[in-house]
Amino acid sequence: MFESEPASTALALTAAGLLLVLSVLFSRPSEKIGIPVVLVFLLIGLLVGPHFGHEYIDFEMAFRIGTMGLVLILFDGGLNTPYRQVREHLLPASLLATLAVVGTAALVALVAWSLGLDWMMALLLGAIVSSTDAAAVFSALRGSGVQLSRRVGATLELESGLNDPMAVILTLTLTSQLIGDTAFSLPNFLGHVAMQLVIGLGAGLAIGWLGSQLLGRIRVPAAGLYPALTLAMALLAFGVPTLFMGSGFLAVYVAALMLGNQRLPYRSGILRVHDALAWLAQISMFLVLGLLAVPQILVSFGWRGLVVALALALLARPVMVAACLLPFRYSAKETAFISWVGLRGAVPILLATYPVLAGVEEAMTLFHLVFFVVVVNALIPGATVRWAVTLFGVERGGVERPAPVLEINAIDSLPVQIISFNLHPAALVTGQPARMLPLPAGADILLVVREREALPVTPDTVLQAGDHVHIMVRPEDTRSVELMFGLREDD
Amino acid sequence: MQLVDVLAPDRIAVDISVSSKKTLLEKAAELLSTAPGSAGSRDIFDSLCQRERLGSTGLGHGVAIPHGRVDSQAEVSGAMIRLKRPIDFDAPDHEKVDLFFALAVPGQCTDTHLRLLAEMAERLGRESQRHALRTIDDPDELLRLLSTSPADAQAQ
């Protein structure tokens, strides 16, 4: 009875709706126990899959959903990364995203090969599981009240934005070598990787620049059309370079970085839409990938999967992270923490569909092995990340739960910005009457949030430790305001 | 209150060498603790570190204003340090820092102290001032420079 339209579409949408509701509802309990919420989505998919998922989802569809999802996630990540963070952590993060990805892949391959996997397949496995997911780290930390030190958090975040393209390139290149007639050759391989990176970077810069110009100049009648335009840019940034042998994922991230650091019209609206799209993408990717897996095959891997997974977490990642961070001033504890929380996300499972689609022999085995590795490498670090923050002393001090952020929500951008501080006893303004502060010309306190109350700022409002203070300031004067107020809570 | 009012020639250290942010703050705390009415250098050092943890006090262009609130500090005191070789101070522009003006502020800090901080930031934002502060070696000469208004110095 559900064979004909519109009933079959309606059924599919009903199922998708129910799965989404379930996933969103389960995010809260998973946050409490510290499991990355995405694993819950995966689990739901896995449980539902054998019953009706396999009829609707095949690898091709999963590949499309996964690619689209990763584009949305990377675009959102790029939009929310300030240049300051890029400048400060670009070198260590790019080493982690390139050298560590290749090295991790190689070490994992070595272990897999010693377990009896063919060496090309072992390399492919290594490449597939080589990229990390910072969103999973932050989602596991959220709700615990613990904040990661800015430097460690920023390094992890930037690394994970940059290493996905690298893992994709490695996997694609190895897959094409596996099914191609030509034998594997290192110069060929390196040339291919370099070309992907260069074209991807170039296309990302070009589309980011064009997009900024376009968004800065045009005026469209409805605010809702701006996010439509930025979404279009995300799609173009992936599609165009991919058609020309470039890394579309790198281009998406770079273009989003440029756009996000631009003065955008209707900025908060755009960011919120992309945030929602990224969540939807996370849920869909994990659900779909869960739907694809066959629990029985997963179980059959048992110890082999576990060995590869542990080798990744305890050997490959720590060795490569330590080697790559050596030239920079990271303390031993910071390095240890960064190695420990190399959480794997949806990207490896998406990448594992490439060889299946390309018709690589034994690709289904690989898919399930990857699945296993990802689950272990999300579960163990995910469940222990709060404990690791304290153990390795990478907590950020003095930060309370963030207050609601004030934003300027105007289609025409104004020459001021709103910055927010969470007052610490060590900041010079703490304990001072608000109206006595020597703020730069044109700057003023807009709002003070104390506990859960918003206070109007009167001549005798005295700033207290713990207050969230929102200040309007010209961009060029932010530094002198930061000097007095201390810790920014909005970047 | 002006910068020159809280400084003294014996709290100006020119062309010294330190190896890290930590040793710089130790040196600053040591200088600050010699001022009359000052807390011990340990307390001052702790307060400077606490403030740096909120975010670097580097201003950019190789200048920083490390400061801290010290409960046992009776009066505000200042110190100036100029390094032979600039050190990494997590400044916003990522440049290394060689010019430091350190402040130990009483726990009961007032708007006078904030104005002092704002004035210092203002002054050090000027290229001509930074250049002069980097080229003059004599502490008394430096104090004289700091007692003129930055706008006058610009005109010279």
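1. Burial in chain A. Of the 491 residues in chain A, 52% count as buried (under 20% relative accessible area, with exposed meaning over 50% and partly exposed in between; 1.4 Å probe, protein chains only). This is a predicted model: local features need pLDDT of at least 70, side-chain atom pairs count only at pLDDT 80 or more, and totals for chains, interfaces and linings use all residues. Residues are numbered from 1 along each chain as its sequence is written, chains are lettered from A in the order in which they are written, and side-chain values use heavy atoms, without hydrogens and water.

2. Layout of chain A. Chain A holds 16 helices and four strands (DSSP runs numbered from the N terminus: helices are H or I, at least four residues; strands are E, at least two). Its domain assignment gives domain 1 (17–399) and domain 2 (417–485); such bounds come from an automatic or database assignment. The centres of the two domains, taken over C-alpha atoms, lie 38 Å apart.

3. Contacts along chain A. Take the contacts (heavy atoms within 4.5 Å) with a separation of 6 or more. Residues 24 or more positions apart account for 81% of them.

4. The cores. The largest nonpolar core has 98 residues (buried Ala, Val, Leu, Ile, Met, Phe, Trp, Tyr and Cys joined through side-chain atoms within 4.5 Å). A:Val129 and A:Phe371 are among those with the most contacts inside it. Helix 15 of chain A gives the most to this core, with eleven residues. A second, separate core of 47 residues includes A:Ile445, A:Val473, B:Cys109 and B:Leu146.

5. A:Val129. Leave aside neighbours within four places in sequence. A:Val129 then touches A:Val108, A:Leu312, A:Arg344, A:Pro348, A:Val370 and A:Val373.

6. The nonpolar patch. A:Leu306, A:Leu310, A:Leu314, A:Leu379 and A:Ile380 make a nonpolar surface patch of about 400 Å². Helix 12 (295–325) and helix 15 (363–391) of chain A each supply at least two residues. Helix 12 gives the most, with three. A:Leu379 sits in helix 15 and is partly exposed, with a relative accessible area of 38%. Patch residues need over 30% relative accessible area and no salt bridge; like charges are joined within 9 Å, nonpolar side chains (Val, Leu, Ile, Met, Phe, Trp, Tyr) within 5 Å. A salt bridge is a side-chain nitrogen of Lys or Arg within 4 Å of a carboxyl oxygen of Asp or Glu. Areas come from the Shrake-Rupley method with a 1.4 Å probe; for residues, only the protein chains shown count as cover.

7. B:Arg82. This residue is in strand 5 (residues 77–87) of chain B. B:Arg82 is buried, at 3% relative accessible area. Beyond neighbours within four places in sequence, its contacts include B:Asp15, B:Asp98 and B:Asp137.
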